[in-house]
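Please keep the structure open while reading.

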Amino acid sequence: MSTDPAHILPESFWSSLSGARRFRLNGMVVAGSLILIPLVLMAVFASFLTFLDPLSIDASQKLLAPSWAHPFGTDHFGRDVLARTMYGAQISLRVGFGSMLLTALFGILFGVISGWYNLADVIIGRFTDSLMIFPGFVLAIMIMAAIGPSELNVIISVTVLYIPRVIRTVRASVVEFRDAEFVEAARTVGVGDFRLLFLHILPKAAGPVMVQLSFGFAWAVLVEAGLSFLGLGTPPPAPSWGSMISDARDFIRSAWWLITIPGCMITLAVLSLNLIGDGLRDMLDPRLQSRGEL
Amino acid sequence: MIEIQNLEVQFPGDSGPITVIDDLSLSIGKGEILGLVGESGCGKSLLAKSIMRLVPAPGKITSGEILFNGDDLLTLDESEIQCIRGNQISIILQEPMTSLNPVFTVGNQITEVLAIHRPEMKKNERRQRALDVMKRVGIESPDLRFDQYPHELSGGIRQRVLISIALICGDVQLLVADEPTTALDVTIQAQILDLFVQLQAEHQMALLLITHDLSVIAQTAHRVAVMYAGRLVEIADVAPLFENPLHPYTRGLMRSLPQIETRPRKSHLPTIPGTVPNLADLPAGCPFFDRCEYGREEACTSTVPRLEEVSDGHWVRCHLWREIPRFASATPTARSL
Amino acid sequence: MTSIVKAPVLEVRNLVKHFDLRRSWFQQGTQKVRAVDGISFDIMAGKTLALVGESGCGKSTTAKLILKLLQLDGGEIYLNGELVSEATPEFRRKIQMVFQDPYASLTPHFKVKSILREPLVVHDICPPQERQNHIQDVLAAVGLSSDIASRYPHELSGGQRQRVGIARAISVNPTFIVCDEPVSALDVSIRAQIINLLLDLQENRNLAYLFISHDLDLVAHVSDTVAVMYLGKIVEKAPTGDFFAGPKHPYSKALLASSLVPHPGNRKQFVPLVGEVASAANLPSGCRFRTRCPLAIDKCAVIEPTLRSVGNGHLAACHRVDEIEP
C-alpha cells in the first residue's frame with residue numbers, strides 16, 4: 001500500500017475526476033489556437049485573400065498610409081504590406097513547421113537510440129551537451145554564416161539548435177519506462193525490442209514531445225525573424241517578417257505601419273504557440289493545473 | 001481521551017460533493033488500542049488525517065466534531081492545532097521509505113520536532129533527548145544512527161525513526177499509526193508491533209492502529225472498528241468481534257482469509273463477490289447490499305442502516321443483524337511449532 | 001494424457017546471480033552482491049512450489065532469472081527437460097508471469113483487447129479473424145465479461161486488472177507460470193477471488209506454478225512444496241504439509257512464529273527474531289543466518305551448512321538440525 005492519493009478514495013472516483021480533467025481542453029490551448037488558426041489560414045490562403053503581388057515594385061505607390069486599397073499601407077518600394085504580411089506568414093510557418101518536423105523525426109530517432117543503448121547514450125549525450133552550451137541565437141548566426149542565407153538553411157539551423165531538447169525529452173521517457181513493470185510484462189509475453197519501444201514506450205513520450213515542439217515552433221518563428229532582420233535568414237526580396245522590420249527601420253517616424261504590423265504578427269505567432277505549449281504541459285501534469293486554468 | 005462525533009468529510013465531484021466519510025462517531029480511551037480495519041478507499045487513512053486536521057485539498061470536513069480532552073479540534077485555529085500536532089497527537093504514516101526527507105539526517109529530523117515544540121531547549125539537550133528516545137524504541141547504537149541519512153537505514157530502522165519522531169515530545173496522548181507495518185517483512189513487523197504494544201502500555205497513550213490486516217488487529221488491539229465505504233459498519237471489543245462478527249462484511253473478510261489449520265489445501269476460499277462501490281455513486285440503502293449474502297431487497301435497499309448497539313459495546317450497522325446466524329468460526333489453535 | 005515418465009516441467013540447477021556494486025568514485029574495484037547464490041529446485045506439472053522469504057532474499061531475482069529477464073551468472077534451467085540457453089519465442093510461450101502490481105504491469109495506453117491480442121500477434125498463435133474469439137474465451141476463463149475488452153486499464157478495479165494480467169499469461173497456453181506476490185497489492189476482500197481463480201486455472205490446465213509470497217498462510221493454502229530463501233540461498237525445502245507441521249531450520253521457525261494468527265484468542269509474544277537481515281554485499285562467514293540465529297555455535301561461523309535430508313523429502317541447511325525438536 002502506498003501514500004498514493006488513489007488509496008484515500010476508490011480509484012474509480014479518482015479516475016473519474018482526474019481522467020475527465022486531463023482530457024478537458026485547457027483554456028490556454030483554446031486561447032492559443034484561437035490566435036494561431038487565423039494566422040495559419042492567412043498563410044495558407046494568402047493567394048486567395050489578396051490579388052496583390054508581395055514582390056511587385058511600384059515607385060508611384062511608395063509609403064502610402066493604410067487605406068481601402070492597401071489596408072496595411074505600402075512600403076518604400078510601393079509593395080502592399082498586407083500581401084507581404086500574409087506571404088511572410090507562409091515563410092514563418094514553413095520554417096517553423098519544417099524545422100519541427102525534422103526535429104521530431106531525428107530527435108525521436110536519436111532520443112530512442114540514446115535511451116535504449118548505453119554506448120550510444122554516451123556519444124549522443126556529449127553531442128547534445130556540446131550543442132546546448134552555446135547561446136542559441138549566437139549558434140544560429142554562426143551556422144547561417146557558414147552555410148549561407150536561405151530558407152532551407154534557416155530550417156536546418158533551427159533544427160540543429162532545437163534537437164537536443166527533443167532528444168533529451170525522448171531519452172528521459174525511454175529511460176523512465178525502459179524498466180517499467182508493464183514493459184517487463186510485455187517482454188515476458190515475448191514482445192521484441194522494436195515493438196516494445198514503438199508501441200509501449202514511445203507513446204508515453206508523445207505528450208512531452210508535443211509540448212517541446214510547440215515551444216520549438218515559437219522559437220523557430222523568432223529565430224527566422226531575427227536572422228532575416230540581420231540579413232542572414234530568408235534573403236530579400238522574400239517578404240519575411242524579420243526583413244520587413246529591418247527594412248522599416250529607416251521609416252519609423254514617417255511610416256509607423258511598416259514596423260508595427262510585422263512586429264505584431266511575430267508577437268501573436270509566438271504568443272499563441274507558447275500558450276499552446278504551456279496549456280499542453282498543464283494538461284499533461286495535473287499538479288500544475290490550478291495555474292493553467294484561465 | 002478523544003471523541004469523534006458525526007464526522008463528515010466531503011470531496012467535490014463532477015456531480016455534487018462526494019461524501020468520503022459519513023456519520024462517523026468513535027472514541028478512544030486512555031491507554032486503549034483501537035484497531036481500525038478497512039480496505040483501500042474506505043476512508044480509514046482519511047480519518048487519521050482528519051484527526052490531525054490534514055485533510056488533503058480539495059477535501060473538507062463538512063460537519064461533526066473531534067473532541068480531544070474536551071476541546072473541539074475542528075474549531076481550533078491553525079496555531080493551536082500546530083501546537084497539538086506532533087506534541088499531544090502524533091501520526092505515523094504507512095511508508096517508512098517516503099515519510100522521511102532524504103536530504104536531512106535522521107537526527108536532524110527527530111530534533112526538528114523539538115525545535116518546533118520545545119524552542120527553549122538547547123541544541124545538545126535536544127540531541128540527548130533524541131538519543132534517549134531512539135534507544136527506547138530499540139535503535140541500536142543511536143549516536144551512530146543520529147548522523148545517518150534515511151537511505152542508509154533498513155525499513156525496520158526507518159520505521160523506528162518515525163516512531164521516535166512521534167514520541168520525541170514526551171507527552172503524546174494519542175498516537176495514530178496508519179498501516180505502520182504493511183511495508184515491512186514479517187519478522188520486522190513482529191518487532192515493530194511488539195514495540196507499539198510495549199510503548200503504549202508504558203505511556204498509557206491511546207493508539208489508533210489503522211490497517212487492512214485482520215491478524216495485526218487480532219494480535220494487538222483492544223477494540224476494533226470496521227469501516228466500509230466511508231462508514232463504520234461494526235465496532236466491538238476484539239474478542240467478541242472475532243468470536244461472532246455480526247456485519248456480513250466483517251464476516252466475509254474473516255472467512256476469506258486462508259488459515260492453515262481450518263481449510264483443506266487448495267480448496268476454494270470463501271469470497272466476497274463484487275468490488276468496493278464507487279463513493280461518487282453509492283446505491284440507496286446499504287452500500288454493502290449487492291455484495292451481501294444475507295441481504296434482502298425490501299429491507300436493505302430503502303434506507304441506510306444505522307449503527308445499533310447489539311450488546312454492551314458491540315455496535316453494528318446492519319438492518320438484519322438479528323436474523324444472521326451465529327458465526328461458525330473454527331477457532332484456530334495456536335500455531336504448532 | 002499418458003505421460004510415461006513423470007518429468008518436472010521446470011528444473012533449476014545451481015542458479016547464481018551476482019550484481020556488481022560500484023562502491024564509490026574513489027575506491028577501486030567492485031563489490032559483489034550475491035543476490036542468488038546457487039539454488040536448485042524442480043516443479044512438476046500441476047504442482048506449486050512456493051518461494052518464501054523476506055525482501056532482499058533473492059526470490060524476485062530468482063523469478064527474473066527463470067524468465068530470462070536477467071542473465072544467469074551460473075547454473076542451468078531446464079524447461080520440459082530441455083536446457084534453456086536463450087529466450088526463444090518458444091520459451092516465452094511456455095513460461096509466463098503474473099505480476100504483483102496490477103496497476104503497473106499493464107501498458108496504460110493499451111485497451112484490454114490490445115493487451116490480450118499482443119501475445120497472439122507476437123507468437124502468431126491463431127489466424128487474425130479468430131483472435132477476437134480467442135480474446136473472448138480468455139476473458140471468460142478469468143471470469144471477466146467481454147465488454148471489458150474495450151476498456152483501458154485505469155478504468156478497471158484492482159481485481160479486474162489482475163484478472164487481465166492472468167488472462168494475458170494464459171492466452172499463450174503456457175505450461176508454467178511464475179506468480180510474484182499475485183495478491184499482495186489487492187484489497188483483502190478481492191484476494192480470495194484471485195487465489196480461487198489461480199487454483200482453478202491450475203487444475204483445469206495442469207499448470208505448474210512458482211508462487212512467490214511472504215504470506216505464510218497463503219503459501220500453506222496454495223502450495224505443494226515450500227522453499228524458504230535467506231540471503232540468496234534456499235535454507236529449507238519441504239512438502240507443504242511437513243513444513244507447516246514442523247519446520248526444521250531456525251529461520252523457518254522464526255518466520256512461522258512471526259506470522260500473525262488472525263484470532264485474538266491466542267495472542268503470543270512476538271519478536272522471535274532479533275536484528276535485521278545481513279547485507280547481501282557483505283555476507284557473514286559460514287552460515288548466513290548465524291548473525292540472527294538463536295542456536296548459532298562456533299562451527300556456524302566457519303562452515304557453511306548445506307541442504308541435507310531430514311527425511312521424507314524434507315531438506316534443511318543447518319548444522320544443528322538434529323538437535324531441533326519437531
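## The sheet in chain B

Strand E6(B) and strand E7 (residues 174-178) of chain B run parallel and are joined by 4 bridges. One of the residues involved is Ile92(B), whose bridge partner in E7(B) is Ala177(B). This is a predicted model. Strands of a sheet pair through backbone hydrogen bonds, either parallel or antiparallel.

The pair belongs to an open sheet of 8 strands in chain B, with mixed pairing. The strand order is E6-E7-E8-E3-E9-E10-E12-E11. Which strands stand at the edges? They are E6 (89-92) and E11 (308-311) of chain B. Each has a single partner strand, so one side of each is left without a neighbour in the sheet. From one strand to the next, the twist averages 20 degrees. Helix H10 (residues 248-255) of chain B packs on this sheet. H10(B) touches strand E9 (223-228) and strand E10 (231-237) of chain B. The direction of H10(B) makes about 105 degrees with that of E9(B).

## Salt bridges

Side chains of opposite charge can pair when their charged atoms come close. Over all chains, the count comes to 29 salt bridges. One of them joins Arg223(B) and Glu32(B), at 2.6 Å from N to O. This pair links distant parts of the chain, 191 residues apart. Arg223(B) sits in strand E9 of chain B. Glu32(B) lies in the loop between strand E2 (18-28) and strand E3 (33-37) of chain B. E9(B) is also one of the strands that H10(B) touches.

## Interface of chain C with chain B

Here 50 residues of chain C are in contact with 53 residues of chain B. The buried area is about 4,700 Å². Carbon and sulfur atoms give 56% of that area.

How many salt bridges are there between chain C and chain B? The count is 2. Lys266(B) forms a salt bridge with Asp224(C), with the closest N and O atoms 2.7 Å apart. On the side of chain C that touches chain B, the elements giving two or more residues are helices H6 (188-205), H7 (216-222), H8 (240-245) and H9 (250-258) of chain C. H6(C) supplies the largest share, 11 residues. By class, this side of chain C has 22 nonpolar, 17 polar and 11 charged residues.

## Interface of chain C with chain A

In this interface, 32 residues of chain C are in contact with 18 residues of chain A. The two chains bury about 2,000 Å² between them, 59% of it on carbon and sulfur atoms. Which three residues supply more of the area that chain C buries against chain A than any other three? They are Phe99(C), His109(C) and Glu118(C), with 24%.

Glu118(C) also meets Arg195(A) in a salt bridge, 2.8 Å from N to O. Across the interface there are 2 salt bridges. Polar contacts number 10 residue pairs, both residues at pLDDT 80 or more. Strand E6 (95-98), helix H3 (112-123) and helix H5 (158-170) of chain C each give two or more residues to the side that touches chain A. H3(C) gives the most, with 5 residues. By class, the side of chain C that touches chain A has 16 nonpolar, 10 polar and 6 charged residues.

Methods
Residues numbered from 1 in each chain as written. Chains lettered and ligands numbered in written order. Predicted model: local features only at pLDDT ≥ 70, side-chain atom pairs only at ≥ 80, totals over all residues. Heavy atoms only, no water. Pairing = 2+ DSSP bridges. Axes fitted to C-alpha atoms, helices over the stretch in contact; angles between N-to-C directions. Contact = heavy atoms within 4.5 Å. Buried area = accessible area lost by both parts, 1.4 Å probe. Salt bridge = Lys/Arg side-chain N within 4 Å of Asp/Glu carboxyl O. Nonpolar A, V, L, I, M, F, W, Y, C, P; charged D, E, K, R; others polar. Polar contact = N/O pair within 3.5 Å; in protein donor to acceptor, adjacent residues only side chain to side chain.
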